[in-house]
Amino acid sequence: MAIKRTKIVDAFSGELEGQQVCVKGWVRSRRGNKYIQFIALNDGSTINNLQVVASLEQFSEEELKPITTGASLCVIGKLVASQGKGQSYEVQAEEIEVYGGAEDFPMQKKGHTLEFLREKAHLRMRTNTFGAVFRIRHHLAFAIHKFFNDKGFFYLHTPLITSSDAEGAGEMFQVTTLDVNDMPRTEDGKIDYSKDFFGKMTSLTVSGQLEGELGATALGAIYTFGPTFRAENSNTPRHLAEFWMIEPEMSFYDINDNMDLAEEFIKYCVKYALDHCQDDIEFLNKMYDNTLIERLNSVLKDEFVRLTYTEGIKILEESGEKFEFPVKWGVDLQSEHERYLVEKHFKRPVILTDYPKDIKAFYMKQNDDGKTVRAMDVLFPQIGEIIGGSEREADYDKLMNRINELGIPMKDMWWYLETRKFGTVPHSGFGLGFERLVLFVTGMANIRDVIPFPRTPNNCEF
């Protein structure tokens, strides 16, 4: 009778000690002498490799020859407490089957640069670093769904193809079935989108927020969690062309309710990662950033500072710091400004509110001063802005005036405006860039290293 496979993470539980087990995985390394060979096996279920001990009395050198780094194996043997350093259990091999060899496997045991590994994104998940990052990514995604589900929010799937530009930025990827080498034209020479699949110009979404607001006016509180797309020609370590966003929208929430939820949410996610990804976080703390665990815990223990944009600008102006980008009231804060407030001045996360309306989106609720809006940005150490949100403008006339001021083409947005005509309510929401959260929790330095296959300018491999 065939032995059922045991995942390596379960082999380390101790419950199977002394029993015959079947483990399967990929070889991380092999070493030994003329009497015995030690094979480090990993199946992705844990960062910890399981040592397989193969005696050369039982296995010939010919049988062991294909067992090189990257090869895949099935091993049957007895699980015993290990005598060696660095592992609690090992398998004394009785049978070894090589599923697939890996001659010239490029992911050898030596250290590789993260830049090199990006070029090998189809294989980099097999390294300790990326195994850890993507397990943490999974747990954070699960934590997000659990948090909102347990609070009575409903998960809403908003469209990826849209005819509206939620941000008003215009940096969108176009979706078309038209022949780009022979575009149909109108009489005045413009592209005739009536001949396109949807009968109009469409793009990949930059945000699910506007549709999310519709859901909130019916279900009370919803959240979206899906891919979004920005055709921004940016090569910074914090930008991707395709990334995932979490966007809750809540009826009957004002700006203070919104801030409370954002703080509770992000603390929940960080704590969930610390509770469920201990081995992976400890590995990344040791290998990449020895302040990582300390920084994660500091987010949990302190209440976030809340202050207005105006107060923040005053602190920056009086700081005596030489910033690359000068500071004055009305400018959009850069990462260096945000990180100064968080890392040097307050030494804890900051929620900045009441930004100038001229640097924020059209849908944000206007304050009585006529100059600012009820925006809120959550600023984190090493990241800068991790959450952006606001109380939304619920007044139809004010919203229309703002749209006209900015000259936003709203012909395809009648449905959004009607929510302000039919039972409008105070409502709020925010957006969290998922990769920025993963970046913070893993301590990685580049956002391209926390998504399996990064999409950036001039890069759409794999």
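Biologist: How many bridges join β13 to β14?

Modeller: In this predicted model, β13 and β14 run antiparallel. Strands are DSSP runs of E with at least two residues, helices are runs of H or I with at least four, and both are numbered from the N terminus. Two strands pair if DSSP finds at least two bridges between them. The number of bridges joining β13 to β14 is six.

Biologist: At what pLDDT do side-chain atom pairs count?

Modeller: Residues are numbered from 1 along each chain as its sequence is written, and side-chain values use heavy atoms, with hydrogens and water left out. For this predicted model, totals for chains, interfaces and linings use all residues, local features need pLDDT of at least 70, and side-chain atom pairs count only at pLDDT 80 or more.

Biologist: Which strands stand at the edges of the open sheet of eight strands?

Modeller: The order of this sheet is β6-β10-β11-β16-β15-β14-β13-β12, and its pairing is mixed. Each edge strand has a single partner strand, so one side of each is left without a neighbour in the sheet. The edge strands are β6 (154-155) and β12.

Biologist: At about what angle does helix α13 run to β16?

Modeller: Helix α13 (residues 434-442) lies across β10, β11, β14, β15 and β16. Axes are lines fitted to C-alpha atoms, for helices over the stretch in contact, and angles run from 0 to 180 degrees between N-to-C directions. Contact itself means heavy atoms within 4.5 Å. The angle of α13 to β16 is about 55°.

Biologist: Which elements are included in what covers the buried residues of α9?

Modeller: Buried means under 20% relative accessible area, exposed means over 50%, and partly exposed lies in between (1.4 Å probe, protein chains only). The buried residues of helix α9 (residues 309-317) are Y309, G312, I313, I315 and L316. They cover an arc of only 160° around the axis, taken from the directions to the C-beta atoms, which puts them on the same side of α9. The cover includes β12 (305-308), α10 (335-346) and β13 (350-356).

Biologist: How many salt bridges does the structure hold?

Modeller: One of them brings together the side chains of K195 and D192 (3.0 Å, N to O); K195 is exposed at 54% relative accessible area, while D192 is buried at 12%. Another joins E318 to K314, with the closest N and O atoms 3.2 Å apart, and E318 is exposed at 58% relative accessibility. The structure holds a total of 25.

Biologist: Is N258 buried or exposed?

Modeller: N258 lies in helix α6 (residues 255-276). Leaving aside residues up to four places away in sequence, its contacts include M250, Y253, M376 and F430. With a relative accessible area of 0%, N258 is buried.

Biologist: The backbone nitrogen of which residue lies 3.1 Å from a polar atom of the side chain of E393?

Modeller: E393 lies in the loop between β15 and α11 and is buried, with a relative accessible area of 0%. Beyond four places in sequence, the residues that E393 touches include Y363, K398, R420 and H427. A polar contact is a pair of N or O atoms within 3.5 Å; within protein, one must be able to donate a hydrogen and the other to accept it, and residues adjacent in sequence count only if both atoms are side-chain atoms. The backbone nitrogen at 3.1 Å belongs to D395.

Biologist: Which residue in β5 stands opposite V53?

Modeller: Strand β3 (residues 50-55) is mostly covered, as five of its six residues are buried. Strand β2 (residues 36-42) pairs with β3 in the antiparallel sense over six bridges, and L41 stands opposite L50. β3 and strand β5 (residues 89-100) pair in the parallel sense over three bridges. Opposite V53 stands Q92.

Biologist: How far apart in space are V98 and C74, C-alpha to C-alpha?

Modeller: V98 lies in strand β5 and is partly exposed at 28% relative accessibility. Apart from residues up to four places away in sequence, V98 touches P66, I67, S72 and L73. V98 and C74 are 24 residues apart in sequence, and their C-alpha separation in space is 6.5 Å.

Conventions. A salt bridge is a side-chain nitrogen of Lys or Arg within 4 Å of a carboxyl oxygen of Asp or Glu.
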